[in-house]
Amino acid sequence: MEALAKTDFIAKEEQAAKPFVLWRPTAQTGLMSWLTTVDHKRIGLLYGASALFFLVVGGLEALFIRIQLAVPNNTFLSSAQYNEMFTMHATTMIFLVVMPLGAAFFNFIMPLQIGARDVAFPRLNAFSFWTFLVGAIILNIGWFRPDGAPDAGWFGYTPLTTRTYSPTHAVDMWVMGLQLLGVASIAAALNFIVTIINLRAPGMAMMRLPVFTWMTLVTSFLIILSFPAITIALVEIMMDRLFGTNFFEVSNGGMPILWQHLFWIFGHPEVYILILPAMGIISEILPTFARKPLFGYPIVVFSGASIGFLGFGVWSHHMFTTGMGTVATAAFALMTMAIAVPTGVKIFNWIGTLWGGHLTMRTPMMFALGFVWMFMIGGFSGIMHAAAPADLQQHGSYFIVAHFHYVLIGGSLFALLAGIQYWFPLMFGRRVSEFWGKTSFWVIFVGFNVTFFPMHFLGLEGMPRRTFTYDGNMGWNLGNFICTVGAFILGIGLAIYLIAMVYAYYKGPRSLKDPWDARTLEWSLPNPPPVYNFQVTPTIHARDSWWYEKQHADEIAKEEAEHAKAEDTHGGIHMPFQSIYPILAGLGILIGSIGVSVVDPADPTKYPGFWGPKIAVTIIGGAIMFVAVVLWSLEGNEGYHIHLNPDGSIKGDGAQKHY
Amino acid sequence: MSSQAAAATLDHHHDPTTSTGIPNKKLLMWAFLASDCMFFGCLISTHLIYRLHPPPGTPIARQVFSIELTSFSTFILLMSSLMMALAVNAIQKGNLKSMRWSLLTTIFFGCIFLGCQVFEFNTFVHEKHLTITNSILGTTFFTLTGTHGLHVLIGVIWLSGMLLYSFTGNLTQKDAIDVESMGLYWHFVDIVWIVIFTAVYLLEYI
Amino acid sequence: MRYSQFSQRAARWAGAAAALAGACLLSGCVWFDGPQSTLVPEGPVARDQLRIFYVTCWVTLFIFVVVGSVLAYAMVRFRARSEADEHAAPPDQGHGNPMVEVSLIGASVFALVIIAVPTLKGIWYSFDVPEDEKANAYEITATGYQWWFKFEYTGETAQTLDPTGKPASAPLTTGNELVIPAGRPVRIALRAVDVIHSFWIPKLAGKVDMIPNRANHLWIEADKPGYFWGQCAEFCGESHAVMRFRVIALGPREFNEWLNNQMAPARRAEAVPGKPKPQFAAYRTFRQNEAGYTDAFEASPLDAWRRQQKPDDAEDTDLIAKGRALFQSKTCVSCHTIRGDGAVGVTGPELTHVGARTTIAGGLLENNRDELHRWIHNPGAVKPGNKMWVSGYLLNNIKLTPEDEDALVSYLRSLK
């Protein structure tokens, strides 16, 4: 059977050259190689770089917010600017920082952890990234337009987002940008699901998957099942805004509460989309630096999955103040408490992993331990919200702001920063300075707590969120001032972290293979990993497979030599061609989206009838996208074969001969 | 190995290159359809919620709908699913000619369905005065059925593209999975229509 | 400096900073008794919600101490102490212990049950007035607008004059200051006409949203007469931050006096024979977004409210009459109601007795001559994007001379 498939490949090598439009780019270096790349590692790096850029943008927005609130009755920002800042800060941090940083690791690390040579659909993967980037551009384009940036909150509650109350294009851009990010996320998630289910190396049973890969899978399922809800909600508000439909038009019977339900059916799973990858990263780092396996692997996996499952049943705890009635409130309160159990289980298991280990306190481990502490605090304030009557006081106050920053910075971001430090040697073959790494950790840790711990008290003191000013007689002055000081400390910490990282990228000391004495498969690769990932498709014998390989080196070497020979006779390593069409499709989407969300509707005196600049731009963009997708499908998922020398270098001139 | 023998051993239900034996494209399509279920679920929920809370002056759906026409187009869509299944079966057996006829019929039925929908929308707007903006019923009805219509349209374009592609000679028995994933999509669109037909139309006649 | 020394020192600093911060927090109640503090409830609903909060607090604090101690112990006890230790043979490769897992899950569930029981009770308690007190509950309807609150006393009837000048009746309506009877449950129906708002008086009860096309309600009760701060708690647009209101709880006698005064049509200031015409001081100017309250007012707000009920010592009846005329001619009447003075607009707050309120501009500014002048001089600077500015002044091109402003201020101040 297998032999048959290979013969077909060889037979195809003699096929005639494709016509010009189906030209396949082959650049290995330079700008073109990045624009047309289908390599999961490069796409991962593109996600990572974009996310870090937006981390700086979102961080500056946060600092502007804190400057405005440093003293009562401040005039650093106007209310309109402040509303843009907090809307874009949240949207940026959630959709353009934490999610793509997660996606960076999904892309770069996950295929390596399961012994795959790439994701299942490399071009779709590239398309996901470019669509993500287009969405990010559309979201931020308002800063450079007279309409201004989106300013209706990241939750976009109707009817505030309807045309009556937000007449400019700012909200159109927000709607369109989020739509595109949804498309990008769903496409990427579908790809990861197929990859994890179908491209595991021989012997990599589901219950041998590294926990990070498991969490990628759960997160991907959450994405494909929850993003449709916000997509539909956005479609509805878009129809209302563009075509005057009545979904949220109160005067015609529309019910604004519907938006909240649709939004939070997405919004709560989204919270787990942000935190589960972080939990996966922590579940990789703690065992590595404790030098023992994860405590209770099946329970950690199962609790991750059940968090994902229960995550769909708790959305209304964001709506306790909407007057749902007693029974619904009680049900959602109990569900929310129930979801605390699998979350707590993870913490117990992480402590169990540390127990009896040999803890090596390197920078990734510091961030990971910081995560466990901070996430615990964030989790506890989460339980406080589950008590619905108490939540009536906390909802919409700074107590909530404190809570979710503990979960999203102390949780997600700490874990992602830990992950960057942890995998940096693998990604770039260099090491970040331990001294500056740890310094950045302590500054971030202190700055973070100084910023957000007082917010609990501000919330209990009755300070509402999303307010651009407050009076000096409310007892909030000291707290706000401390928060602002903390925010600057946090900013300095992140700056140290990023500068140390950039420095290490260019000048850092070379790292040996597997510098942390790690346990999972990606560390079996030389760093940085070669374009084809695995010289020989690995065979998996145990859960912590690289640890097992290190213990059984001779046996594995023999096995690999046999497999290498077999694989070479089968035609070598199959590599996918690069493609220009994903980015072309993205370009079409960009133009079309500008037509939909940025261009003004035609002035009927100048453009009578249907046609006008808005329609024209939209249709041109759509046409480019359509043509790109058609050519994309016609060029096919073909590729070329490479053969390796024993040292891992590619035989011959590396020319990409069509097979 | 002769091509005859190769054909005989082709197993369309097992792909040796994947961990599970399920072809990647099929798995992708199933996962996408799971996601699409949620899309339609949200739209149908929106329609049903507003059906339960009609504002005063909402048109009565039964006086607008023409159940005979919709039943006919539903039947046609179901028949197209049958033809789609035949097309998949044909390509799996390597019978390109039979596949083309089946695909063509599927496309034809899809177009009839779309034609019925265009006629229906036209009648509703111009004779029954139900527009997308003048009532919440119009808003949810046209958005939901329009989204489904868009799915059918994409399906028809995809089917036509595949039909044209089959004449290039590049579509062979080995590419049956491409037709099969397309078929999954088409069947899904049909099944969703059954749900919509029940929830939007039949419900009004109970 | 070796990094282990460094990190130990850093940890010590962090610990000291945390201790200092904790001491700051605990030392002064200055942190906990602000006018919107949920930690100092002054009514049964807020008190019950605070009690539940404390239950969650103590349970989670207990878990935090236990789990945190174990985690801290593990971090210290199992830490590699030297370079050599880092490279020592790996520890026992244990995979977990099902018994430990199961018992920890059981313990978590038990802890959650402790929270769940009072939560469930509290949900029903917060939701509506208890059955045995329903008959005694006072009913009010509150409606949220961008960016102010309207209060309708559905059970009361106010007097007004119909267009022909004959006495007529109208529902009693006020804006931005909610006066309630103390010691008696008040059931407030919540409505919104434009976007979503949220009605929150932290010292009396948690918030409930005001949502268009949806009937919500909440109930509050003030233990004793008092003055409370409230604020919109759902983002509602450009001036959400300055959408505030006040609640004044009064004893039964004082509440009835207030009601009687409110039900009367607008007051007409009468010239006191022999009293010289007052000379008002020049209006002070304000910086952008300057605070709109004075310390004297803050010291005893309920007394300040009582003072506001009495007419000002100095009233210029000519100026007031001019203001009344301007209120008509400058189209103020198309948005505001002043019962008896021919103003019947409903877009903006009801102003029949605005002079007797402690605040104006949606609880943002103290009600005195300077702040009134600041508000009508340029409402857009005080409350960005508000209707009086955008759809009033700008749309109708309303220009007020300093004399006009003076007259309008005197008129509005006289409406006790």
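In which helix of chain A is the place of Phe86(A)? Phe86(A) belongs to helix α4 of chain A, which covers residues 79-113; helices are DSSP runs of H or I with at least four residues, strands are runs of E with at least two, and both are numbered from the N terminus. The model is predicted, and local features need pLDDT of at least 70, side-chain atom pairs count only at pLDDT 80 or more, and totals for chains, interfaces and linings use all residues. Residues are numbered from 1 along each chain as its sequence is written, while chains are lettered from A and ligands numbered from 1 in the order in which they are written.

Phe86(A) counts as buried because it has 24 C-beta neighbours inside 10 Å; the term requires 20 or more other C-beta atoms within 10 Å of the residue's own, placed from the backbone. Phe86(A) touches Ile65(A) and Arg466(A), leaving aside residues up to four places away in sequence; contact requires C-beta atoms, placed from the backbone, within 7 Å. Between Phe86(A) and Asp151(A), 65 residues apart in sequence, the C-alpha to C-alpha distance is 7.8 Å.

Chain C holds an open sheet of 5 strands with mixed pairing, in the order β4-β10-β9-β6-β7; two strands pair if DSSP finds at least two bridges between them. Strands β4 (177-181) and β7 (205-210) of chain C stand at the edges with a single partner strand each, so one side of each lacks a neighbour in the sheet. Strand β6 (residues 197-201) of chain C pairs with β7(C) in the antiparallel sense over 4 bridges, and the bridge partner of Ile201(C) in β7(C) is Ala205(C).

Note on methods. Buried ≥ 20, exposed ≤ 12 C-beta atoms within 10 Å, placed from the backbone. Contact = placed C-beta atoms within 7 Å.
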